[in-house]
Amino acid sequence: MNNITTDELEQKIEAGEEIIDRYFDPITTRVGTPHLITARRSQTLISTQLDITQSMLNELDEIASELNISSEAAIEMILRRALDEHYLAKNKRMSLIE
């Protein structure tokens, strides 16, 4: 992994450069089996509606604020982690059965 300052990262992001694959290691930033990281622009996004309680929305907004990201990004991050943990647990169960 390359060493880079926060200011340099921000400049690259503002210039439109894809930095994820180059500066972030998926093995240390994700729980469970690493997934192929692709640029978000190349992925097909599907809009969906999610009904949640007001208190849960408040919690998500608070997390997003603490991380200085959008609420949508916080939801995606938490959902990705939950899916990774699910697959980890599933693989562990399968290895115990075998």
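User: In this predicted model, how far apart are the end C-alpha atoms of helix 4 (residues 54-67)?
Analyst: Helix 4 has 14 residues, and at 1.5 Å a residue these should span 20 Å. The model agrees with that expectation. The distance between the end C-alpha atoms is 20 Å.

User: Which residue follows helix 4 with a positive phi?
Analyst: Most residues other than glycine have a negative phi. The residue after helix 4 has a positive phi, near 55 degrees, although it is not a glycine. It lies in the loop between helix 4 and helix 5 (71-97). The residue is Asn-68.

User: Does Asn-68 count as buried or exposed?
Analyst: Exposed means over 50% relative accessible area. Asn-68 has 71% relative accessibility, so the residue counts as exposed.

User: What is the orientation of helix 4 to helix 5?
Analyst: The axes of helix 4 and helix 5 come within 8 Å and cross at roughly 100 degrees. Angles of 65 to 115 degrees fall in one class, which makes helix 4 to helix 5 roughly perpendicular.

User: How many residues of the contact of helix 4 with helix 5 are nonpolar?
Analyst: Helix 4 brings Leu-60, Asp-61, Ile-63, Ala-64 and Leu-67, which meet Ser-71, Ala-74, Ile-75, Met-77 and Ile-78 in helix 5. One residue of this contact is polar and one is charged. The number of nonpolar residues is eight.

User: Which element of the protein has the lowest mean pLDDT?
Analyst: The protein averages a pLDDT of 77, and 72% of the residues score at least 70. Among the elements, helix 4 has the highest mean, 93. The lowest mean, 53, belongs to helix 3 (residues 26-29).

Key: Residues are numbered from 1 along each chain as its sequence is written. This is a predicted model: local features need pLDDT of at least 70, side-chain atom pairs count only at pLDDT 80 or more; totals for chains, interfaces and linings use all residues. Side-chain values use heavy atoms; hydrogens and water are left out. Helices (H or I, at least four residues) and strands (E, at least two) are DSSP runs, numbered from the N terminus. The expected span of a helix is 1.5 Å times one less than its number of residues. pLDDT is the predictor's confidence in each residue, from 0 to 100. Buried means under 20% relative accessible area, exposed over 50%, partly exposed in between (1.4 Å probe, protein chains only). Axes are lines fitted to C-alpha atoms, for helices over the stretch in contact, and angles run from 0 to 180 degrees between N-to-C directions. Angles under 35 degrees count as roughly parallel, over 145 as roughly antiparallel, 65 to 115 as roughly perpendicular and the rest as oblique. Contact means heavy atoms within 4.5 Å. Ala, Val, Leu, Ile, Met, Phe, Trp, Tyr, Cys and Pro count as nonpolar, Asp, Glu, Lys and Arg as charged, and the others, Gly among them, as polar.
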